[in-house]
Protein chains: 2
Amino acid sequence: MNASAPARWELQPLPYPYLLFLGDTTEPTLAKTAFGLRDWIPERCVGEWGCAEGTVSTGLPRLRPREARARGARGLVIGVANMGGFIGERWVPLLVEALEAGLDLVSGLHAKLADVPELRAAAARCGRQLIDVRVPPPNIPIATGRKRTGKRLLTVGTDCALGKKYTALALARALAARGRSADFRATGQTGILIAGGGMPMDAVVADFEAGAAEMLSPDAPPDHWDVIEGQGSLFHPAYAAVSLGLLHGSQPDVFVVCHEPGREHVHGYPDYPLPSIAETIELTVRLGRRTNPLIRCAGVSLNTSHLDPIEARDLLAREAGELGLPAADPMRPGREFERLVDSCLA
Amino acid sequence: MNASAPARWELQPLPYPYLLFLGDTTEPTLAKTAFGLRDWIPERCVGEWGCAEGTVSTGLPRLRPREARARGARGLVIGVANMGGFIGERWVPLLVEALEAGLDLVSGLHAKLADVPELRAAAARCGRQLIDVRVPPPNIPIATGRKRTGKRLLTVGTDCALGKKYTALALARALAARGRSADFRATGQTGILIAGGGMPMDAVVADFEAGAAEMLSPDAPPDHWDVIEGQGSLFHPAYAAVSLGLLHGSQPDVFVVCHEPGREHVHGYPDYPLPSIAETIELTVRLGRRTNPLIRCAGVSLNTSHLDPIEARDLLAREAGELGLPAADPMRPGREFERLVDSCLA
C-alpha cells in the first residue's frame, strides 16, 4: 500500500499458504478470521477444514491436512475468533493431525498454542512451529498524549464484528489507488495476519493501551495516512476499554462509523441495545477530541452483505440523507464509496 | 470492615511489619504507596528508607535495613508508584542490601522483582522472597454485563493520585461504623497492600478489563456495599481505558468524584487541562448508565490537605453550593463528611 512510514514489529515470516481451520463453529461471525483471510489474501489460502460439528464454510475446498499439504499449504491458521479466545478441546486432535501432516500452526487467540500440552508435544515430535500472533511487543510506553505528525483515520463501530477491519482495508487501498501514501494499521488477530504485522490491542495490558496505539501509528510525513483498524465499541459492556484506549492513542483526524443495518443489540448481549449511528458519532467526537480537538466524522460504512444491490443502494441513500454524511458499503465499490473517500480526504 | 461477601484472591501472607522504600523520589505524589501504608496501616510500618538523592519523607524514622530488621521489620515494600512502574537502576544495590539484611521484598510495580537479575540472585543467595502483588488472577472472564445483586460505590477522579483510594477507604470505614456490611475493594497496588487482596486493574489485559471489575465485586446480599477504589480518569490521555473498563464492570449505583482543588492540568501532562467536576459527573453518568441505568453521583471528595481548616471549610461549602451536592474531605471528619455518607446511602 505504498507504505512510507517505517515498518515495525514485523512478524516472523508466516508459513503460508494456509489451510483455514474453522473448529466446531456454527456461527459465521465467530469465523471472521477465516473469512478475512479468504477475502483479503485469497492467494495465500488453499482450503478450509474443521470439526464434523462445525457448520460454517468459507467456500474454499474442504481439505484434510495431508491433502492441503500436498497442495502446497505450509501452515494451518485457526480461523475462529471466539469469545475469550480459547482453544476448544474438540479442536486439539485435529490440530495434532495438522502438525503430523507437516503443517505449522498459526493462532491469534488469547490462549497460547504452546500452553496446550498435546500441541506442545506434537509440535516437538514433528519438528513443527507453534506461532502466536496475538503477542504485544515488549516495552510499550505509557501514552504521552503528544500530537503526532501525519494523518490518521480510525474506523469505529456500533458493535464488534460488523466491518471495521474491512472498511479500514478498503479505505487504505482506495487512498493508495488515488496515489496517497497510506498504511493499513492492524489492531486485531485477523488484520495482523493480513498485514503481516500490527498491534494486538486487546492483548495489551490496560495501563499501556493508549501507549500501544501511539506506538502503532508514530510520527509520519504530513501527507501520509495511517488507516487504523478499530476494535470493539465505546458502548460494548466488555470491550469499551479497548475502544477508548485505541481512540485516545490513535488521535484520529477522521473517523468512519461502521454499522450493520438490522442489528439491534450487541452481539451476544441481548440486554444491550445497539447505539444509533448518530449517538456513536457524538460520543466518538466527545471522547476523541480529548487527544485531537479537530477530530471529525467523514461518514458511515454499512455492512449490507445481507441485502440485494437495489435494497443496499436505497438504504445507503436513506442513511446518507438522514445523517448528512456519505454512507457506503466498502464491499460495493462505486459512487457512494468514492464519496466516502472524498470526505475522508476533505 | 464487617465483610460479608466472600473473600477472593487472598495474597500469600505478606511479610509485615514493613520498611517503606522511597527510592530516589523527589515528588511526594510518586511515593503514594508509602504514604498510603503509613496512613491506613501504620501499625505495620516501622520506618522508611531510600537513596541519598531522594527528598520525600513519610515522617517515619529513617532506618537502614539492618536497623529495621532489628526493630521487627520482615519486609521492604517499594513505596514508589512511578510512571510506567519500573524498578530504578539506582534502587538495586539498596534492595540487595535489604535482602542481605534479612528482609523480603514486596512490590506493586508493573516490572517484576524477579526480572532484575541482581535481585533474583541476591534473593536466592539469602533465602528471601520476592513478592509481586500486581499480578492479576488467572482466568479472568470476559464481562457479561449482567446486573449483579448488592450495592456498589465507585470513586472516580478528575485525575490520578488525588484521593480516590483514601476516599474509598474512608467511605468503607464510615459505612461499617454505621453498621452497614461493607467491603473496600482494592484496584491498585497500594490498596491491595492495605486490604491484603484485590484486583490490579491496570495490569489486566485490556479485553478482560471490565470482566476483572465484575470479578472484583461479585453478587452480594442486597444491603451489602462494595466500595470500589477508582483508577485514573476518563479524561486521562494514557489511562482512560482503565477507568472506563472499571466503570462498566463495577456497575456502580453511586459514585463520588474526587478532585484536588487548584490542580489545573493532568499530572505530568501540562497540555491537558483538568476537566471540571461538573464535566466529570456528566461524563461518568453518561458512560456508566450503559451498565447501570440508575447510576448517580452522591457528592464530591476534595483533597484539601494543602489548605488550613477554615479555608478548607469555606471551599467545601462553596463547592457544595455550586454543585448542589455534598462536598467533603474524607480526611477531615465532621458534618460535611457525614452528609456525603448520608447521600451515598440515600
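Before looking at how helices pack, I noted what an angle stands for: axes are lines fitted to C-alpha atoms, for helices over the stretch in contact, and angles run from 0 to 180 degrees between N-to-C directions. I also reminded myself that this is a predicted model.

I started with helix 8 of chain A and helix 8 (residues 240-250) of chain B. Their axes lie 8 Å apart, and the helices pack at an angle of about 160°. Angles over 145 degrees count as roughly antiparallel, so helix 8 of chain A is roughly antiparallel to helix 8 of chain B. I looked up the hand of this crossing too, and it is right-handed.

Which residues make the contact? From helix 8 of chain A I listed A240(A), A241(A), V242(A), L244(A), G245(A) and H248(A), and from helix 8 of chain B I listed A240(B), A241(B), V242(B), L244(B), G245(B) and H248(B). Sorted by class, this helix contact has 8 nonpolar, 4 polar and no charged residues.

**Entry: the whole contact between the chains**

Next I zoomed out. Chain A puts 31 residues into the contact, and chain B puts in 31 residues. On the side of chain A that touches chain B, the elements giving two or more residues are helix 7 (209-216), helix 8 (240-250) and strand 11 (269-273) of chain A. Which of them gives the most? That is helix 8 of chain A, with 6 residues.

Then I traced a sheet. In chain A, 5 strands form an open sheet in the order 2-1-3-4-5, and the pairing is parallel. Strand 2 (45-49) and strand 5 (130-132) of chain A are the edge strands, each pairing on one side only. From one strand to the next, the twist averages 25°.

I followed some of the pairs. Strand 1 of chain A runs parallel to strand 3 of chain A, and 4 bridges join them; here Y18(A) stands opposite G75(A). Strand 1 of chain A is also joined to strand 2 of chain A by 4 bridges, again parallel, with F21(A) opposite W49(A). Strand 3 (residues 75-78) and strand 4 (residues 104-107) of chain A pair in the parallel sense over 3 bridges, and L76(A) sits opposite L105(A).

Is strand 1 (residues 18-21) of chain A buried or exposed on its two faces? Both faces are covered: Y18(A) and L20(A) on one side, L19(A) and F21(A) on the other, are all buried. I jotted down the general rule beside this: in a regular strand the side chains alternate between the two faces of the sheet.

**Entry: a helix in chain B**

Most residues other than glycine have a negative phi, and most peptide bonds are trans. I went looking for exceptions.

A cis peptide bond joins Y16(A) and P17(A), with omega about 0°; P17(A) is in the segment before strand 1 of chain A. Chain B has a cis bond between Y16(B) and P17(B), with omega about 0°.

N139(A) is not a glycine, yet has a positive phi of about 60°. I found N139(A) in the loop between strand 5 and strand 6 (151-157) of chain A, exposed, with 8 other C-beta atoms within 10 Å. A161(A) also has a positive phi, near 50°, and lies in the loop between strand 6 and helix 5 (164-177) of chain A. A161(A) counts as partly exposed because it has 18 C-beta neighbours inside 10 Å.

I ended on N303(A), in the loop between strand 12 (296-302) and helix 10 (309-323) of chain A. Why does N303(A) count as buried? Because it has 23 C-beta neighbours inside 10 Å, and the cut-off for buried is 20 or more. Leaving aside neighbours within four places in sequence, N303(A) is in contact with L162(A), G163(A), E260(A) and D329(A).

Terms used:
Residues are numbered from 1 along each chain as its sequence is written. Chains are lettered from A and ligands numbered from 1 in the order in which they are written. This is a predicted model: local features need pLDDT of at least 70, side-chain atom pairs count only at pLDDT 80 or more; totals for chains, interfaces and linings use all residues. Two residues are in contact if their C-beta atoms, placed from the backbone, lie within 7 Å. Two strands pair if DSSP finds at least two bridges between them. Angles under 35 degrees count as roughly parallel, over 145 as roughly antiparallel, 65 to 115 as roughly perpendicular and the rest as oblique. A crossing is left-handed if the near helix is turned anticlockwise from the far one by less than a right angle, and right-handed if clockwise. Ala, Val, Leu, Ile, Met, Phe, Trp, Tyr, Cys and Pro count as nonpolar, Asp, Glu, Lys and Arg as charged, and the others, Gly among them, as polar. A residue is buried if 20 or more other C-beta atoms lie within 10 Å of its own, exposed if 12 or fewer, and partly exposed in between; C-beta atoms are placed from the backbone.
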